[in-house]
There are 2 protein chains.
Amino acid sequence: MAEATGPARSQPATLSDVARLAGVSIATASKALNGRSQVRAETRQRVVEAAERLAFRPNQVARGLLAGRTGTVGLLTSDLEGRFSIPILMGAEDAFGAGEVAVFLCDARGDAIREQHHVRALLGRRVDGLIVVGSRTDPRPSLGRELPVPVVYAYAPSEDPEDLSIVPDSVGAGRLAVDHLLACGRTRIAHITGDPGYAAARERAEGARAALADAGLTLVGEPGFGAWSEGWGRAATAMLLDRHPEVDAVLCGSDQIARGVMDLLRERGRRVPEDVAVMGFDNWRVLTSASRPPLTSVDMNLEQVGRAAAHALFTAIAGTRRSGVEALPCRVVIRGSTVPLT
Amino acid sequence: MAEATGPARSQPATLSDVARLAGVSIATASKALNGRSQVRAETRQRVVEAAERLAFRPNQVARGLLAGRTGTVGLLTSDLEGRFSIPILMGAEDAFGAGEVAVFLCDARGDAIREQHHVRALLGRRVDGLIVVGSRTDPRPSLGRELPVPVVYAYAPSEDPEDLSIVPDSVGAGRLAVDHLLACGRTRIAHITGDPGYAAARERAEGARAALADAGLTLVGEPGFGAWSEGWGRAATAMLLDRHPEVDAVLCGSDQIARGVMDLLRERGRRVPEDVAVMGFDNWRVLTSASRPPLTSVDMNLEQVGRAAAHALFTAIAGTRRSGVEALPCRVVIRGSTVPLT
DNA sequence: AGCGTCTCTGAAAGCCTTTTCTGTTTCTTT
DNA sequence: AAAGAAACAGAAAAGGCTTTCAGAGACGCT
């Protein structure tokens, strides 16, 4: 808890310090360190040694000012808390972090005003580009076409088709899920999912229905739209068993719902997966591996979405911009809650 | 999916553009926009209008180069994925975001090499300070005393007592938890917790024991160290009920463990909270509110830890540095799983 | 010896802003 | 009306780096 006024920390060495120590001009020092070819090997050696002795690190701020590119991007998320932003953010951080790019993180807390504020602040810092990460897959307002830097939208697509958006393929995910259940020999498949106000819920249901139709089947009952909660999973399952006791698989709109579904199935004496297969969505580890049996779930490959967004931003900064909504495939992670009928 | 080489985006306006449009010198324009007093009101007006017309935003990069301070800090996390980093990160982002500071996010993925790499990159960008966020409360190696900028450690304290670390008060949290159970009239309290390799597990147990001792009581059985999982919660509870059927409260080391504990209690016919009160740790919403009944849990106030770290970094940058480990109090969030004995 | 050709090196400009200092104008005051 | 004070405007430097251009020295050739 000691308190003290900080000592004058030694300023980092500058290029001119290095040049002085090496006995050359600033220009030569710069060229030597940057691998330019107009420096004699011996001179370069001297400069490199001097730089090492002084622990010289070029000032990226000065470099950015000169080059007009700062090597920074802004990552604008609308809810850090949410479990969807994080993997995307990791993917993006990953794709950038490897190279020479640093990421400014800004959380707008879902507030448009704050978002504008952050955009302005980031532009003031001369970021080379922006990634906007949403918390749900419903389209969101564009930041506008007039920005001086490229923008890529991830997870939540922009409403403007001129923008580039990278999203998980929800329809395809619904198909994948049903295909897996069909492959397990299930044919009486019900769907219990979340809030119909979410595009993700509607699109997954649509995909599921399409895959069933392709197999000449239909859903057991109507898609059970409700809430993204365990409670709803239980309630919907109770109704389902009353009306359609023949059901042999339940595709759930989220892992949370799936947990509720499994709980109630067990309560009613149905075995999972022997009598009824259960499948979740989101592949949220805490839930999938803690449930009994472990839950088969659809993973949206969000890290990959983040990486793809970062990569697209890269190429856009380099001059090649795309537009439209690009949907990336999801994948099924198979665990104990779905097994082939014997 | 249209593809096109981007149009030459109009470069952002510079101060000299503004000055030219307003018909004044660059110096005057700067003074006018920064509220310096040596400008006639009328002139200032002209400049302000010109700046507005050109949507002028001062280049923070240039400003940073000149001022020697960039108004940026580095946030170094060791696992973004982890649920502990995120709230801290939010708190820090919050404390900074309000002002003029932007945050560089770096994830070291728990790798010391990568961490060093990021530190170097951040110093090259001339950040004004660093916050290092850990994923568990065990002490971690210091980044060293020789860094040119202040560093604050959050959640995981530095091994070097000369560094400043902000952590949640785990011992105090253990006391708080037991005090709450005592206040509910419980006296036969057991403790089932996670991996004893974690300081958090040991310290919470220590605090719990101390609070019981203050009340002239002891734990029922030994603290049940094991794993941070539902499975362990179930297993430990089974043993507990066999050996100490008189137990009337279980303090759990995490919400996940608590869920396992509650499951098994229900299976064995014990009612929660009537027969046995159950309390968790971490206050992880998905788990606490989805469980039946909703789970009372200890919240580590991580956002506050983040904010405190940001604030401490602020004052350190301003010149007043502290050192040592500062522990912030936790709080009990009461829900249905703990009620007073009637 | 003189010329052209390379190969190195260094001076200087430029990136954008802030700040200091100097110079000019305007207003008071005697 | 003259002198001094105050108010305002602008030139220039600084911050650290890269890059261009010109100059200097070394070398080979006729």
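1. Across the interface of chain A and chain B there are eight salt bridges, a salt bridge being a side-chain nitrogen of Lys or Arg within 4 Å of a carboxyl oxygen of Asp or Glu. Arg109(B) forms a salt bridge with Glu93(A), and the closest N and O atoms are 3.9 Å apart.

2. A note on the basis of these values: this is a predicted model, in which local features need pLDDT of at least 70 and side-chain atom pairs count only at pLDDT 80 or more, while totals for chains, interfaces and linings use all residues. Residues are numbered from 1 along each chain as its sequence is written, chains are lettered from A in the order in which they are written, and side-chain values use heavy atoms, with hydrogens and water left out.

3. In the interface, 68 residues of chain A are in contact with 67 residues of chain B, where contact means heavy atoms within 4.5 Å. The area buried between chain A and chain B is about 5800 Å², and carbon and sulfur atoms give 52% of it; buried area is the accessible area (1.4 Å probe) that two parts lose on being put together, summed over both.

4. Turning to one residue of chain B, Ser78(B) is found in the loop between strand E2 (72-77) and helix H5 (85-97), helices (H or I, at least four residues) and strands (E, at least two) being DSSP runs numbered from the N terminus. Ser78(B) counts as buried because its relative accessibility is 17%, and buried means under 20% relative accessible area (1.4 Å probe, protein chains only). Leaving out residues up to four places away in sequence, Ser78(B) touches several residues, among them Asp107(B) and Arg109(B).

Methods:
Buried means under 20% relative accessible area, exposed over 50%, partly exposed in between (1.4 Å probe, protein chains only).
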